[in-house]
Amino acid sequence: MDRVAAYLRQHQQEHLDWLIDLCRIPSISTKPEHKGDVAAAVRWTRDLLARLGFDARVCETGGHPLVYAERCAHAGAPTYLVYGHADVQPEGDLRLWDAGPFDPVVKDGKLICRGAADDKGQFLVHVRAAAAWLEVEKRLPINLKFLIEGEEEISSPHLVPFIQQHTDLLRCDHILVSDTGMYADGWPTITYGTRGLLYKEIRLTGPKHDLHSGGFGGTIANPANVLAKLIATLHDADGRVSIPGFYDDVTELPPAEREQLRGLPLDDVQYAAGLGSPRVCGEPGFSTNERRWTRPTLDVNGIYGGYAGEGANTILPARAGAKVSMRLVPNQGGEKLSAQFDQTIRARCPDTVRLEILDHGVCDAYVAPLDSTPLHAARRALRESFDREPALIRAGGTLPILPAFKRVLGADSLLLGFAGPDCAAHGPNENAVLEDLDRGAAAVARLYGYLAP
Ligand SMILES: [Zn+2]
């Protein structure tokens, strides 16, 4: 293990050069003109893994391709599947970047470029760890598989079908993912849960076209007025979601977990100030971390309808609508809630307008067991590499692939995050702290060692 760690220290520059090479490829999956670049990033990853001694191949999916690679330790060893992605978000407003998003720059110990943190820098942490084992020991301590896709930033439309069609190939004891963040600067972090998502759109139609509000106001229902009233019924005065049955299947957090989450430092005043908001708010009886990670929520994401331009335009709009997302917690069935939402909105909507409810997707929450062998091994490996007890957190966001891995492969996931709190993933000047990636590679190399029987 010490020799593996020493190898990683000696090869930091070489491994940084890998990352810089990969980050130069503008593999923006959402833009058709970058289709070739996504394929190039996938091929680059395949070539690197093949060079290291993996049996690596590019697989077509019907959309952007992915890389699958494997290398056996020995028959009795457990099998771990590393999942990551080689595609990136668009660069956004170029004027907000200090340098070109695909011209990686090292500054103040950080690599600044699109993909540095999300997720090229992070999945390469696993490749680096594997490389160190193979160079030093000429073997891996565990059977290792890599699944690096090219469509994560567009919601992985072809990944679940791919997994379903290749269950034998992908069979494993556990999944390893590094695509999450650290709780604070330099604080190694394991994310053990994500929330689910239920996304709806409410569309109200009134008259056949916009009407004069003086001529017709007060005689025909105004879809914008009705919409506002409808939205106002979605929360009670305390901020709890008031859809009947919404909380029925929510399980209480075990006291130990609650205490553990409350032990994480978080100053509500600073938290709100950092977000530019006057103060925190939310469901009574829960801390901010509990509210954002462990409680279900409902948010209006957008409202449309009527006149919103310069000055005044006295109309009664023909239509109005709202996009509504709900973040779900474990045990809350998305399909069941979807029906409950529709039923509630239908019952509350007056017959003075026409109502349409559109579905924009549903995904369950995921929580990993807190007492698993991989989790204990990861805590030890992170503690030793970062000289700090890792933070155990949940995430408020949604990773649809985690419940899919569990459903299709029967495997739980371990999320080791090495992106700093200021990594600006998806934004301008995305960056990764090189020391965190270096320590991360050392931690993952240790983890592989500890996972060996
Ligand atoms: Zn990512």
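1. In what order do the four strands of the open sheet stand? The model is a predicted one, and in it the four strands of this open sheet follow the order 11-13-9-14, with antiparallel pairing. Strand 11 (297-305) and strand 14 (354-363) stand at the edges with a single partner strand each, so one side of each is left without a neighbour in the sheet. On average, and with direction ignored, neighbouring strands of this sheet are turned by 15° against each other.

2. Within that sheet, strand 9 (residues 196-205) and strand 13 (residues 319-328) are paired in the antiparallel sense over 10 bridges, and one place to look is R203, whose bridge partner in strand 13 is G321. Helix 12 (residues 334-348) packs on the sheet, where it touches strand 9, strand 13 and strand 14, and the direction of helix 12 makes about 165° with that of strand 14.

3. For the chain as a whole, the division is into domain 1, which takes in 2-194 + 366-451, and domain 2, which takes in 196-250 + 296-363. The centres of domain 1 and domain 2, taken over C-alpha atoms, are separated by 39 Å, while the contact takes five residues from domain 1 and five residues from domain 2. On the side of domain 1 that touches domain 2, there are three nonpolar, two polar and no charged residues.

4. Strand 1 (residues 55-59) and strand 2 run antiparallel and are joined by five bridges; they form a hairpin with six residues between them, and G62 in the turn has a positive phi of about 100°. Strand 2 is also joined by five bridges to strand 6 (residues 143-149), again in an antiparallel arrangement. Y68 can be followed across these pairings, being the bridge partner of R57 and having L147 as its bridge partner in strand 6. Strand 2 (residues 66-71) is mostly covered, with five of its six residues buried.

5. Finally, helix 1 (residues 2-10) and helix 4 (residues 120-137) pack at an angle of about 120°, their axes being 9 Å apart, and the crossing of the two is right-handed. Helix 1 contributes R3, V4, Y7 and L8 to the contact, and helix 4 contributes R128, A132, W133, E135, V136 and E137. By class, this contact has six nonpolar, no polar and four charged residues.

Note on methods. Residues are numbered from 1 along each chain as its sequence is written. This is a predicted model: local features need pLDDT of at least 70, side-chain atom pairs count only at pLDDT 80 or more; totals for chains, interfaces and linings use all residues. Domain bounds come from an automatic or database domain assignment. Two residues are in contact if their C-beta atoms, placed from the backbone, lie within 7 Å. Ala, Val, Leu, Ile, Met, Phe, Trp, Tyr, Cys and Pro count as nonpolar, Asp, Glu, Lys and Arg as charged, and the others, Gly among them, as polar. Axes are lines fitted to C-alpha atoms, for helices over the stretch in contact, and angles run from 0 to 180 degrees between N-to-C directions. A crossing is left-handed if the near helix is turned anticlockwise from the far one by less than a right angle, and right-handed if clockwise. A residue is buried if 20 or more other C-beta atoms lie within 10 Å of its own, exposed if 12 or fewer, and partly exposed in between; C-beta atoms are placed from the backbone. Two strands pair if DSSP finds at least two bridges between them.
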